[in-house]
Amino acid sequence: MPVSSDYRPEPRFFDLGADYADAVQAADFPQTILRFRNDRAAAEVGLEGLSEAEWIAAFGRFEPLSGQPGPIAMRYHGHQFRHYNPDLGDGRGFLAAQMRDASGRLLDLGTKGSGQTPWSRGGDGRLTLKGGVREVLAATMLEAQGVPTSRAFSLIETGEALERGDEPSPTRSAVLVRLSHSHVRFGTFQRAAYLGRKDQIEVLIEHVRSLYHPDVDSSDAPGLLRAVVEASAKLTARWIAAGFVHGVLNTDNLNVTGESFDYGPWRFLPEYDPAFTAAYFDQTGLYAFARQPEAVFWNLTQLAGCLKLVAEVEPLTDALNGFGPAYIRELRAAFLMRLGVHSLGEAADQRLVDTTLALLREGGAALRWEPLFFDWFGGFASSARALSGPRAKLYQGEAFDAFRFALMEHEPDRIERLEHPMFAAREPEEMLIDEVEAIWAAIADADDWTPFQAKLDRLEATRLAWGFTA
């Protein structure tokens, strides 16, 4: 099969050996019906030219791509809702391939729903088709909003009837492939630390440093932690600016490159609500919207604890304590990005964040979250559009006056973006649960994929209009 001309075979996670992963085989599915392929992402690794048959062979039957070994299920531990679980690992997925893009950056092709592994813990190793559809939608929306995220690469329906307690069953099955920079999780380090394997920690540090954070000096564990802290702070800030709730911020769901991945019970805010949760089983609100920075920091402290096997506590603590300032800095940058304006300095930028949140709080369900950023993108250049739009009556009063003053201080960034046809619409693209359920209902009831594809097309137009980069 074709591969990128820039493909180089090492170093890769595959080369670390049996201490870190287990060789596995994909399930033999009764059907392989291609439902989604991301040719834009495929082009980055030289795979956009695959025929449908070749694509299904690679991502439905998992015949190894040229130059790639067989799949491996990665080993890791993790805190799940802050309870340590040493019985984890890739239970329904594996690392299928690692390839380089034209710039030389290493990218992972990882699966979800590809069958049982030694870490399945009695599960069937499968993914529901609804879960796959939801992950494609979440990743596509987040990419459009400038959030560092894995990208849905392929979704293939696999023709099995699955029993699930949280979906009407039997329900349809699928296998998903995602593209991301790394699947090395905080939990990968936790497993090595749990086993007391200083040597494995050292190997992981060098592996992660050299591939993903090359500016860090060799064997500099605090320096690596600082880089992961910075990347995680940026990710968390972008989630908040997007109004996104991941839902399951366990240590096995955060990785060393600061990319969001593994979308399960995710939600986007219907309105500003700090206590909003995504997962029905998050009964204490541990991973509620406004508690996500706290959750990420707690997880970073677990990673720092692992690195104590090879580094002194004080420099690790210093690196860890950089999260708060980095998060605040990145939150200001994220809000300015979403509002399409330039920075005016720390004080003015923070005033804009504060007044935006105050207006969102006051606007509530009538304003929602996404429409404010849509209406006022570009600052003063959008005044006429916003004040003649469907939410014009909400844009008055003290909270609005404070927001407008703070926004108008900032110069528009790339004002030509407002010429995109998207900004002529009265409403923005959102990803609220009612629409997600309606998209799935069309598939479940009539095998109608038209609403799903139409939504993806609109999100692609949105991505191009916003012009954000993660």
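This is a predicted model: local features need pLDDT of at least 70, side-chain atom pairs count only at pLDDT 80 or more; totals for chains, interfaces and linings use all residues.
A residue counts as exposed when its relative accessible area is over 50%. By this cut-off threonine 450 is exposed, because its relative accessible area is 56%. Isoleucine 439 is 11 residues away from threonine 450 in sequence, and the C-alpha atoms of the two are 8.6 Å apart in space.

The surface also carries a nonpolar patch, formed by Tyr84, Tyr194 and Leu195. Together these residues have about 300 Å² of accessible area. Leucine 195 sits in the loop that connects α4 (186-194) with α5 (198-212). Its relative accessible area is 43%, so leucine 195 is classed as partly exposed, the class between 20% and 50%.

From the surface, the description can turn to strand β9. This strand spans residues 151-162 and is mostly covered, with nine of its 12 residues buried. Strand β9 pairs with β2 (residues 33-37) in the antiparallel sense, over four bridges. Within this pairing, phenylalanine 36 has leucine 155 of β9 as its bridge partner. Strand β9 also runs antiparallel to β10 (residues 171-180), and eight bridges join these two strands. Here alanine 152 is found opposite arginine 178 of β10.

The loop between β9 and β10 holds proline 170. The peptide bond between serine 169 and proline 170 is cis, with an omega of about 5°. Most peptide bonds are trans, and most residues other than glycine have a negative phi. Against this background, two further loop residues deserve a look. Phenylalanine 81 is not a glycine, yet its phi is positive, at about 50°. This residue is placed in the loop between β4 (78-80) and β5 (83-85). With a relative accessible area of 22%, phenylalanine 81 is partly exposed. Arginine 121 likewise has a positive phi, near 55°, in a residue other than glycine. The loop that holds arginine 121 lies between β7 (106-112) and β8 (127-128). Arginine 121 counts as partly exposed too, because its relative accessibility is 46%.

Attention now moves to the spaces inside the model. Four cavities of 30 Å³ or more are present in the structure, and the largest cavity contains about 80 Å³ of space. Its lining includes Ala58, Phe59, Phe62, Glu63, Pro64 and Leu65. Also among the lining residues of the largest cavity are Pro69, Gly70, Pro71, Ala96 and Ala97. Helix α2 (52-59) and strand β6 (95-100) each contribute at least two residues to this lining.

At least two lining residues of the second largest pocket come from each of α1 (39-44), β10, α5 and α6 (221-242). Helix α6 gives the most to this lining, with three residues.

Terms used. Residues are numbered from 1 along each chain as its sequence is written. Side-chain values use heavy atoms; hydrogens and water are left out. Patches are made of residues with over 30% relative accessible area and no salt bridge: like charges are joined within 9 Å, nonpolar side chains (Val, Leu, Ile, Met, Phe, Trp, Tyr) within 5 Å. Accessible areas come from the Shrake-Rupley method with a 1.4 Å probe; for residues, only the protein chains shown count as cover. A salt bridge is a side-chain nitrogen of Lys or Arg within 4 Å of a carboxyl oxygen of Asp or Glu. Buried means under 20% relative accessible area, exposed over 50%, partly exposed in between (1.4 Å probe, protein chains only). Two strands pair if DSSP finds at least two bridges between them. On a 1 Å grid over the protein atoms alone, a cavity is a set of points where a 1.4 Å probe fits but cannot get out, and a pocket is an open set with protein on both sides within 12 Å along at least five of seven lines; lining residues have an atom within 4 Å of a point. Grid points are joined across faces, edges and corners, and a volume is the space filled by probe spheres set on the points.
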